[in-house]
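Colleague: Please show me the chain, and then we can go through it one question at a time.

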Amino acid sequence: VLAGRNPAKGAALAQELGHASAAHLDLEATVDNLPSVDLFVAALYDPANLLVDAALRHGIAHIGITTKADDVAPIAFAALRSPPKRPIVLLGHCTAGAATITAQRAAERFSRVDTVELTALFDVRDPVGPMTASDADMLISRAILREGGKWKWLDGREHGRQVRLSSDSVLEAYPTSMLDAPSLAAITGAPNVRLDMAQGDSLLPWRRVAANV
């Protein structure tokens, strides 16, 4: 079921997929009028966690691909109060986790990792939806990173770093509040971890994520 505020926009895709349908869903109104489902996949930001709450109430599994680091605490305590009957998966990672997986594989070659610095490069020509466009400032204005083994919440706009893409291309990148930094700190044990976003021309015709470990 493709659900959103404008189900007509999903009707053509539902028909193309087959065995699919479109339904009206307004997170500012109610989420309890959907057909019976087994899993929510939240592709848009849900600031009030209404879909997670509905999943906990009705025993529905939930995958949230836009969950930021500071969204985790409310979800965790909601789950403690009403233990999930099906998995609640938090996947608010950059580009569906591509950066984290790349860094994880690179880190496996080392016996100890001291620093993980990731940079996601976004091309302005890469089309994004209105939510993603408006969410960029929020991702950076309240960023999370690890320095010297300590977690820091800060205004990422004041903690940029320069990233060299080539001999003649240097971009300013800023830390974010996506889940890659906490994930990689847990995976590698590195005391210094950050995920930054930079904007510029793609290295190739598609979006490219660069990872330095």
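Modeller: Start with a term: buried means under 20% relative accessible area, exposed means over 50%, and partly exposed lies in between, with a 1.4 Å probe and protein chains only. This is a predicted model, where local features need pLDDT of at least 70, side-chain atom pairs count only at pLDDT 80 or more, and totals for chains, interfaces and linings use all residues. Residues are numbered from 1 along each chain as its sequence is written, and side-chain values use heavy atoms, with hydrogens and water left out.

Colleague: What percentage of the residues in the protein chain is buried?

Modeller: The protein chain has 213 residues. Its buried share is 37%.

Colleague: How many helices and strands are there in the protein chain?

Modeller: Both are DSSP runs numbered from the N terminus: helices are H or I with at least four residues, strands are E with at least two. By that rule the protein chain has 6 helices and 12 strands.

Colleague: Which residues of helix α2 are buried?

Modeller: Helix α2 covers residues 50-58. What covers its buried residues includes β3 (39-42), β4 (61-64), α3 (72-81) and β5 (88-90), where contact means heavy atoms within 4.5 Å. The buried residues of α2 are Leu51, Val52, Ala54, Ala55 and Leu56.

Colleague: In what order do the 3 strands of the open sheet stand?

Modeller: Two strands pair if DSSP finds at least two bridges between them. β4 and β5 pair in the parallel sense over 3 bridges. The pairing in this open sheet is parallel, and the order is β3-β4-β5.

Colleague: At what angle does α2 run to β3?

Modeller: Axes are lines fitted to C-alpha atoms, for helices over the stretch in contact, and angles run from 0 to 180 degrees between N-to-C directions. α2 lies across β3, β4 and β5. Its angle to β3 is about 170°.

Colleague: Which residues touch the most other members of the largest nonpolar core?

Modeller: A nonpolar core is a set of buried Ala, Val, Leu, Ile, Met, Phe, Trp, Tyr and Cys residues joined through side-chain atoms within 4.5 Å. The largest has 18 residues. Those touching the most other members are Val116, Leu118, Met178, Leu184, Val193 and Met197.
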